[in-house]
Amino acid sequence: MNLRRSRPWPTMMSEGENTPLSQYRPVAVIDDDLWVRAALCNLLDSAGHRSCSFDTAEDFLDSTCLAQACCAIVDVGLKQMSGFELAEQLARLRPDLPILFISAQVSPPQRMRASSLGFPLLAKPVDADTLLVLLTATLLYGRF
């Protein structure tokens, strides 16, 4: 996974704030690849965000992080329950929770489905700057 950054990332904050938007509420990372989860969590930590990670959608749904998360980064190709199926569950359980989808094999139907759910889809390897910009925009403005 390509998570290199070309320049230090300034965490976007509201005027007068000195802390990142997700300092108190974690960003959930749900991906069945341990190395992808670790890289994403390291990136989030280095940008000043908190994170919690899970290798299955079911583990995330059973966790305390579900109620606390401010955003979820979700792999579309999860085993058992897919990322899109997780998003449908979250629409009922946490309709306020924004999602950033990621996938190793992005297809036009996947892009359309992500868009119909109101969330962006990034191709792996994920560009760190792009992910952090989308995360910040999502936290500030909600769905796309």
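Modeller: Happy to! Let's begin with Cys71, whose sulfur lies 6.1 Å from the closest cysteine sulfur, in Cys70, too far for a bond; a disulfide here is a pair of cysteine sulfur atoms within 2.5 Å. Cys70 is therefore in no disulfide with Cys71, its nearest cysteine sulfur being 6.1 Å away. Cys71 has 0% relative accessibility and counts as buried, and Cys70 is buried too, with a relative accessible area of 10%. (Buried means under 20% relative accessible area, exposed over 50%, and partly exposed in between, with a 1.4 Å probe and protein chains only.)

Before going on, a word on the source: this is a predicted model, in which local features need pLDDT of at least 70 and side-chain atom pairs count only at pLDDT 80 or more, while totals for chains, interfaces and linings use all residues. Residues are numbered from 1 along each chain as its sequence is written, and side-chain values use heavy atoms, with hydrogens and water left out.

The count comes to one disulfide, and this bond joins Cys52 to Cys65, with 1.9 Å from S to S. It links distant parts of the chain: Cys52 sits in strand 2 (residues 51-54) and Cys65 in helix 3 (residues 65-68), 13 residues apart. Helices (H or I, at least four residues) and strands (E, at least two) are DSSP runs, numbered from the N terminus. Both Cys52 and Cys65 are buried.

Now to the charges. The whole structure holds five salt bridges, each a side-chain nitrogen of Lys or Arg within 4 Å of a carboxyl oxygen of Asp or Glu. In one of them, Lys79 pairs with Asp32, their closest N and O atoms being 3.3 Å apart. Lys79 lies in the loop between strand 3 (71-75) and helix 4 (83-93), and Asp32 in the loop between strand 1 (27-30) and helix 1 (34-46), so the pair ties together parts that are 47 residues apart in sequence. Lys79 is exposed, at 59% relative accessible area, whereas Asp32 is partly exposed, at 25%.

Arg113 and Glu88 also meet in a salt bridge, at 2.5 Å from N to O. Arg113 belongs to helix 5 (residues 108-117) and Glu88 to helix 4, so this pair ties together parts that are 25 residues apart in sequence. Another salt bridge joins Arg94 to Asp96, with the closest N and O atoms 3.0 Å apart; Arg94 is buried at 9%, while Asp96 is exposed at 52%. Finally, a network of salt bridges links Asp31, Asp75 and Lys124.
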